[in-house]
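This report describes how two protein chains meet and how selected parts of them are held together. Please look over the sequence and the model before reading on.

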Amino acid sequence: MNLPLRKELRSPLRYADYSLGLVAVVLSAIGVALNYSSTWRILEFNGQDPATFAKRQVLFVVIGIVVMLAAAFLDYRLYRDFANSAYLVVMLALVGVLFFGVERNGARAWYELPGQTFQIQPAEFAKVAVIVALAAFVANQGGHLRLVTLSNAYLMLAVPLGLIYLQPDLGTMLVFVAIGMGVLLVAGAQLKHIFVTSLIGVVVVVAMFNSDNLGGPALLRQTQEQRLTAFLDPGFDLLGASYNINQSQIAIGAGGLRGQGWLQGTQTNLNLVPEQETDFIFTALGEEFGFVGVSLLLLLYAYMLARIWFIARASNDLFGAFACVGALSMLTFQIFQNIGMTMGIMPITGIPLPFLSHGGSSTVVAFGLIGLVINVSARRHLT
Amino acid sequence: MNENLSRRLAFLGVLIIALFAALVTRAWYLQVLVAEEFSDQAVRNHVEIIVTQPTRGRILDRHGVVLADNIRTGIVAVDRSRYAPGQIDYVLEQLSQLLDIPALVLASRLDDKQTHPLAEKVVASGLDEYGLLRVAEKSLPGVEAKWAMSRTYPQHEIGAHVVGYVGAMSPGQQERLLKVGYLPSERVGKSGIEQIFEDDLHGKPGRTELEVDGTGRVHRVISEVPAEPGADIFVSIDADLQAATESYLRQGLIAARKTVSEDSGFFYPSIGGAAVVMDLRNGDVLAMASHPTFDPNWLVGGLTTAEYQSVFENPYAPGALNNRAIQGQYSPGSVFKLITALAGLEARLISPRAAYYDIGYFKIPDKYGCTGRCTFYNADKAPLGVVDLSSAITRSSDAYFYKVAHDLYWIRGEEQWAIQDMARLLGFASQSGVQLPFEKSGRIGDEDLKRRLFEANPEAYNPYGESSQWLPGDNINTGIGQGFVSATPVQLANAYATFANGGTLFSPNIVERVVSRSAEQFGESVIEFNPRIQRIVEFPEGSGVVREGLHGVASKSRRGTAWRAFDGYDSSGYAVAGKTGTAQAEGRNPVLQRKKEDSAVFIAWAPQHDPRYVVAVVMEEAGFGGEAAAPVARRIFEALRAYEQRWPDPQVAFIPPQPECPEIPEALRGHKAFIGYVPEGCPWGIEVPRANTPEDVDGDGIPDVEERD
């Protein structure tokens, strides 16, 4: 402890990984551009401001950047103390949304702010809360998870999973599973435990699919079941569930190597890909910027994930490392699942693409997580 | 940081790298490897193509009377894909009540296999707006009541065989036509002018490309090509004359059914026939009738199998859809004697004025060592006494032409086939080239044909295992138009027209012109059929005598075979020249189950000395040419004389044959030694009266030949 005093006196932010923040801003700038290109034509057709969605997204990004800076500033170790209360608050919010939320696309997942222009999706914030709470919980176990502890951790995941199942929102549930798997794996859960629980998970999912055939109530909505079936058999019901898969693959494929150029993609312009500014935003990039654009985007994401990975490794306390792993798992899963879905290698679930998809809650949460990771990176030298 | 943690982190890192690799690979596959397929799909996705059906061209007669037109009609179409199997019954029940059509009929129209599988099934047509409203207000799912364009034939059966009809495209046509922009529900020409001028009549479909978004809203019009209406076809038919011809033919056939055949003692069945009227100066077909006939309007909406059978498979009106004028192949009978006579003259075997004693039959002289049939009788075995070429034609002496054909047989060398050659020159055994589909060519018998027929189908042609060599008897039969000769009514009319006009063989024109209705060329003739000369035939010296013989056919004083039919006929300036024929038909009548009766044939032109029109009438199993067919021709000529007054002067393409005159020293010109060597019309030839410049020695203005009557 020769130098720590001097180091502590200095601002820890000089060690912060600013490149991570920069990448996040660049990604969200791309997101704004794609938001514009996938909505302007239809908005113009309807006589509205063609930049409506882009402007909204700019607002979300600005809020996100503020949140990121705030999250980076305060020592993340303080979060540990608030982890459980934050978890509790978000879970209450998830309960509340079932009663007071508004329903869209068959899911009751949003709180509506006065004025009806903005909605808040508590499940997005639950992701952060769960990451922090789970990281704090397993950090206390010191790198080894016994079965009892593991069960407690599963319980922490089970509560939000159950609440989100009631909304229902299959995609977001999967994100929680990914977060849990990532954090618990790195935190020292034994492989045989993970294997057995995975098996149970598979059995449960299959049972959910067939619950109506087995004589019970139908546990999955028909649309969800159809979407997953369509993933397994893309020829199935072209205008129904497979429509999304087909249209998004056509858009990406039509982009070719160099793309059609910004604002030039017909699939994108003419609203042929449903939900394009949100879940299918990647198709706009694929069509208008081609394989070159796709590769660049994946490189940016790869850089971001790599930085998080290194920060997790370099972190000198377990809570920081596990929080980074949680963020890493979440972002990885959302990126892979979302892009994989648009390219037809993953089933269709409503998961936003971090930084790109239109949406306040997901953008703010993604920036917040990056802020948290920067926070960890800044304080990696502290004891 | 313990080692365990960093090992687990490394595992996570590898997993992430693997996932990213999967994404890049997939993107490479979609955007580079199979990108082309997707860009095609992307274009199809946002471009909606609307094909508009062009208005079909009309078919009009030479004066503009519309024979085929389009009307707006209310139709009821059913989309059966909207119903689970067996669930359509409810709708059919409802429609049956609304439309007053039995549900079974509706069901059979729905099952129609003729139309394209993608085409809507039209179960009812011809509705007025109240009918449409009655169906529409029921709002039956999958049932559409709407206006559509429909083909209509305002003259009904008049000219039906010439005009043809439209119907659903056959599976074979679908493949080709759908590629060139036809809609699956479109009707295409199935016969007649409708078929052969399908491309001109159809027009070009319009095509509008719209840019649409995912919800089907139109953002802009990418391109727009308006439909180009089909061209109008003007046929050379005169609708009034056509109606008269059809009517006279039908009345003639009905009259023949009331006469008793001397051969069998039964009434003549007189089931069908054909009549052709041509302008022999340019080959225009003025009327072309075929019986039994049909109303093409029946076929437009598509008939169910039962309806089709009841109308077109009626054994008492067989082959109503066939145009007998170009598809019926009949033994010409005695009308073929014109060809035999010309062949005999060509071979210099006939001396036109030489007397021949017709004893009622012709026996092949013993010196030729006859095998098989050796004695050939006149039709009624009656001896005609002394005849020359002229009266042999007028009175139709079989014996005279048996002898000519027999003698021709024994000329070894080129001229042995003089009859066959002359027949081919006059258009036998080859299609006339009239602009109608499915024309038959008939045949003319010779050695090759006989052998081919015997070998191809010995059971039908040679049941007794006779020699397949060409025997004298074969040539003798051919000489009076029996045996191995058959011709279509159009061919017969055309052969006589060629003889009458002095030797110009036309390809008959039944279409005058094709008039565009497109925006750029509106009203312009895009195709004009000028008279099409196939060849100029030179007739041998002495053909004037043949002509004289034909002039007598309607003459009572010259005992012409058709004089009774023309008794009381006003021949002033419109006298006819022609030939009767009574042809034995081979085989048995399939309905009556007895031997077929004779076909009646009559071909004539008028006026005698200024030939303008030729009329050919063929009536199946209707008796004697002079008794059954000639009266029909007479009434057609009477109609022609009346209608002709209203017609503008036709485009005359009659080209007098220009003889090739051999070089003869001036001193020798006019010497009678050159008779037969110098063609008629040569300046230094022997002055032989030109056939169509009537001999009028006494100068009273009436041709001498007519005066003799």
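A salt bridge is counted here when a side-chain nitrogen of Lys or Arg lies within 4 Å of a carboxyl oxygen of Asp or Glu. The model is a predicted one.

**The interface of chain B and chain A**

By that rule, one salt bridge is found across the interface of chain B and chain A. It joins the side chains of Glu211(B) and Arg41(A), with an N to O distance of 2.5 Å. Nine residue pairs are in polar contact across the interface of chain B and chain A, both residues being at pLDDT 80 or more. On the side of chain B that touches chain A, at least two residues each come from helix H1 (3–33), helix H2 (35–46), strand E8 (206–212) and strand E9 (218–225) of chain B. H1(B) gives the largest share of that side, 20 residues. Sorted by class, the side of chain B that touches chain A holds 21 nonpolar, nine polar and six charged residues.

In terms of contact, 36 residues of chain B meet 50 residues of chain A. The two chains bury about 3800 Å² between them, and 72% of this is on carbon and sulfur atoms.

Over all chains, a search of the whole structure finds 35 salt bridges.

| Salt bridge | N to O distance |
|---|---|
| Arg56(B) and Glu198(B) | 2.8 Å |
| Lys146(B) and Glu144(B) | 3.6 Å |
| Asp279(B) and Arg281(B) | 3.1 Å |

Arg56(B) counts as buried because its relative accessibility is 9%, under the 20% cut-off. Glu198(B), with a relative accessible area of 8%, is buried too. A network of salt bridges links Arg56(B), Arg151(B), Glu194(B) and Glu198(B).

Lys146(B) is partly exposed, at 24% relative accessible area, and Glu144(B) is partly exposed at 41% relative accessibility. Asp279(B) and Arg281(B) are both buried.

**Strand E10 of chain B**

Strands of a sheet pair through backbone hydrogen bonds, in either a parallel or an antiparallel sense. E10(B) pairs with E2(B) in the parallel sense, over two bridges; here Phe234(B) is the bridge partner of Leu60(B). E10(B) also pairs with strand E18 (residues 511–515) of chain B, in the antiparallel sense and over four bridges. In that pairing, Val235(B) has Val511(B) as its bridge partner.

**A sheet in chain A**

Chain A has an open sheet of three strands in the order E1-E2-E3, with antiparallel pairing. Its edge strands, strand E1 (102–104) and strand E3 (119–120) of chain A, each pair on one side only. Three bridges connect E1(A) with strand E2 (residues 107–112) of chain A in the antiparallel sense. Arg104(A) stands opposite Ala107(A), which is in E2(A).

Technical notes. Residues are numbered from 1 along each chain as its sequence is written. Chains are lettered from A and ligands numbered from 1 in the order in which they are written. This is a predicted model: local features need pLDDT of at least 70, side-chain atom pairs count only at pLDDT 80 or more; totals for chains, interfaces and linings use all residues. Side-chain values use heavy atoms; hydrogens and water are left out. Contact means heavy atoms within 4.5 Å. Buried area is the accessible area (1.4 Å probe) that two parts lose on being put together, summed over both. A polar contact is a pair of N or O atoms within 3.5 Å; within protein, one must be able to donate a hydrogen and the other to accept it, and residues adjacent in sequence count only if both atoms are side-chain atoms. Ala, Val, Leu, Ile, Met, Phe, Trp, Tyr, Cys and Pro count as nonpolar, Asp, Glu, Lys and Arg as charged, and the others, Gly among them, as polar. Two strands pair if DSSP finds at least two bridges between them. Buried means under 20% relative accessible area, exposed over 50%, partly exposed in between (1.4 Å probe, protein chains only).
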